[in-house]
Amino acid sequence: NYSDHQKIVPPSGHWRDSLLSCFTDGIDHPMFLNSIYCPHVALTQIMTRNNLNTYGEKSTPNDPSPPSLSNVITIQILFIALHGTV
């Protein structure tokens, strides 16, 4: 039910970071490399930290579909094994 959700107002004006701010922590930063080579793993980490379920909604303690990093990594390994590429 969308009427129960909290309204979020996005910020306006200037960007907080510049276009090349992703290199602030170095070219070999794990999150930067994850977002390039395994974007679904990076997205799962972000969703888990923000307590979101698979559908992008706030998860509850009894949520049947929390994003599981181990499941996503297993799927990535199987994909690479079957297709030979990322």
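Reader: On what basis are residues numbered and features reported?
Author: Residues are numbered from 1 along each chain as its sequence is written, and side-chain values use heavy atoms, with hydrogens and water left out. This is a predicted model, in which local features need pLDDT of at least 70 and side-chain atom pairs count only at pLDDT 80 or more, while totals for chains, interfaces and linings use all residues.

Reader: How many helices and strands does the secondary structure of the chain hold?
Author: Helices (H or I, at least four residues) and strands (E, at least two) are DSSP runs, numbered from the N terminus. From that terminus on, the elements run α-α-α. The count is therefore three helices and zero strands.

Reader: What share of the 86 residues in the chain is buried?
Author: Buried means under 20% relative accessible area, exposed over 50%, and partly exposed in between (1.4 Å probe, protein chains only). Helix α2 contributes Val41, Ala42, Thr44, Gln45 and Met47 to the buried residues. For the 86 residues of the chain, the buried share is 16%.

Reader: At what angle do the axes of α1 and α2 cross?
Author: Two packed helices are described by the angle between their axes and the distance between the axes. Axes are lines fitted to C-alpha atoms, for helices over the stretch in contact, and angles run from 0 to 180 degrees between N-to-C directions. The axes of α1 and α2 come within 5 Å, and their crossing angle is roughly 125°.

Reader: Which residues of α2 are met by residues in α1?
Author: A contact means heavy atoms within 4.5 Å. On the α1 side, the residues involved are Met31, Asn34, Ser35, Ile36 and Tyr37. Their partners in α2 are Pro39, Val41, Ala42, Gln45 and Ile46.

Reader: Which residue has a positive phi although it is not a glycine?
Author: Most residues other than glycine have a negative phi. The residue in question is found in the loop between α2 (39–49) and α3 (69–83), and at 42% relative accessibility counts as partly exposed. Its phi is about 60°, and the residue is Asn51.

Reader: Which side chains meet in a salt bridge?
Author: Side chains of opposite charge can pair when their charged atoms come close. A salt bridge is a side-chain nitrogen of Lys or Arg within 4 Å of a carboxyl oxygen of Asp or Glu, and the structure holds one. Arg16 is exposed at 77% relative accessibility, whereas Asp17 is partly exposed at 44%. The pair, at 3.8 Å from N to O, is Arg16 and Asp17.

Reader: Which residues form a nonpolar patch on the surface?
Author: Patches are made of residues with over 30% relative accessible area and no salt bridge; like charges are joined within 9 Å, and nonpolar side chains (Val, Leu, Ile, Met, Phe, Trp, Tyr) within 5 Å. One member, Leu20, lies in the segment before α1 (30–37) and is exposed at 58% relative accessibility. With about 470 Å² of accessible area together (Shrake-Rupley method, 1.4 Å probe; for residues, only the protein chains shown count as cover), the patch consists of Leu19, Leu20, Phe23 and Ile27.

Reader: What distance separates the C-alpha atoms of Ile73 and Cys38?
Author: Ile73 lies in helix α3 and is partly exposed, with a relative accessible area of 35%. Cys38 is 35 residues away from Ile73 along the chain, and their C-alpha atoms are separated by 9.0 Å.
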